[in-house]
Amino acid sequence: MYEYDGGGPAFPTKNEERYFHGMSLRDYFAAKALQGMLSASEIQLVIGKGISISDIAGACYEWADQMLKARINQGEKA
């Protein structure tokens, strides 16, 4: 399986005392994938007909993992 660290924080901030990491970049990518999937009208037709909400959530994280891989690969090419 692909090894990752979640891509690091999506929106890191820092004050004088500590960092606030918030959600991981992986979570952010998965949320964006979910937003895109839910905007497709066909999604309502498949939920409950062999595809569960858990399946869709898992697919969003698969997309996120692929986006993180592509991001790493692009960095290696630069």
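Throughout this passage, contact means heavy atoms within 4.5 Å. The model described here is predicted, so to speak: local features need pLDDT of at least 70, side-chain atom pairs count only at pLDDT 80 or more, and totals for chains, interfaces and linings use all residues. Residues are numbered from 1 along each chain as its sequence is written, and side-chain values use heavy atoms, with hydrogens and water left out.The overall layout comes first. The protein has three helices and two strands, taken as DSSP runs numbered from the N terminus, with at least four residues of H or I for a helix and at least two of E for a strand. Along the sequence, these elements follow the pattern β-β-α-α-α. Of contacts between residues at least 6 apart in sequence, 45% join residues at least 24 apart. The protein exposes about 6000 Å², and carbon and sulfur atoms supply 57% of that area; accessible areas come from the Shrake-Rupley method with a 1.4 Å probe, and for residues only the protein chains shown count as cover. Buried residues make up 19% of the 78 residues, where buried means under 20% relative accessible area, exposed means over 50%, and partly exposed lies in between (1.4 Å probe, protein chains only).

The largest nonpolar core has ten residues: Ala10, Leu25, Phe29, Ala30, Ala33, Ile43, Ile56, Cys60, Ala64 and Leu68. Helix H1 (25–39) and helix H3 (53–77) each supply at least two residues of this core. A nonpolar core is a set of buried Ala, Val, Leu, Ile, Met, Phe, Trp, Tyr and Cys residues joined through side-chain atoms within 4.5 Å. In soluble globular proteins, nonpolar side chains tend to be buried together.

Cysteine 60 sits in helix H3 and counts as buried because its relative accessible area is 2%. Setting aside residues up to four places away in sequence, cysteine 60 touches Ala30, Ala33, Leu34 and Met37. Its C-alpha is also 7.3 Å from that of alanine 31, although 29 residues separate cysteine 60 and alanine 31 in sequence. Phenylalanine 29, with neighbours within four places left out, is in contact with Ala64, Met67, Leu68 and Arg71.

Charged side chains turn up on the inside too. A search of the whole structure finds one salt bridge, meaning a side-chain nitrogen of Lys or Arg within 4 Å of a carboxyl oxygen of Asp or Glu. Here arginine 26 pairs with aspartate 65, at 2.6 Å from N to O. The pair links distant parts of the chain, with arginine 26 in helix H1 and aspartate 65 in helix H3, 39 residues apart. Both arginine 26 and aspartate 65 are buried.

Beyond its neighbours within four places in sequence, serine 24 is in contact with Gly6, Gly8, Pro9 and Ala10. Serine 24 and proline 9 are 15 residues apart in sequence, yet 4.4 Å apart from C-alpha to C-alpha.

Finally, the surface. Leu45, Val46 and Ile51 make a nonpolar patch of about 230 Å². Patches are made of residues with over 30% relative accessible area and no salt bridge, joining like charges within 9 Å and nonpolar side chains (Val, Leu, Ile, Met, Phe, Trp, Tyr) within 5 Å. Leucine 45 belongs to helix H2 (residues 43–46) and counts as exposed because its relative accessibility is 56%.
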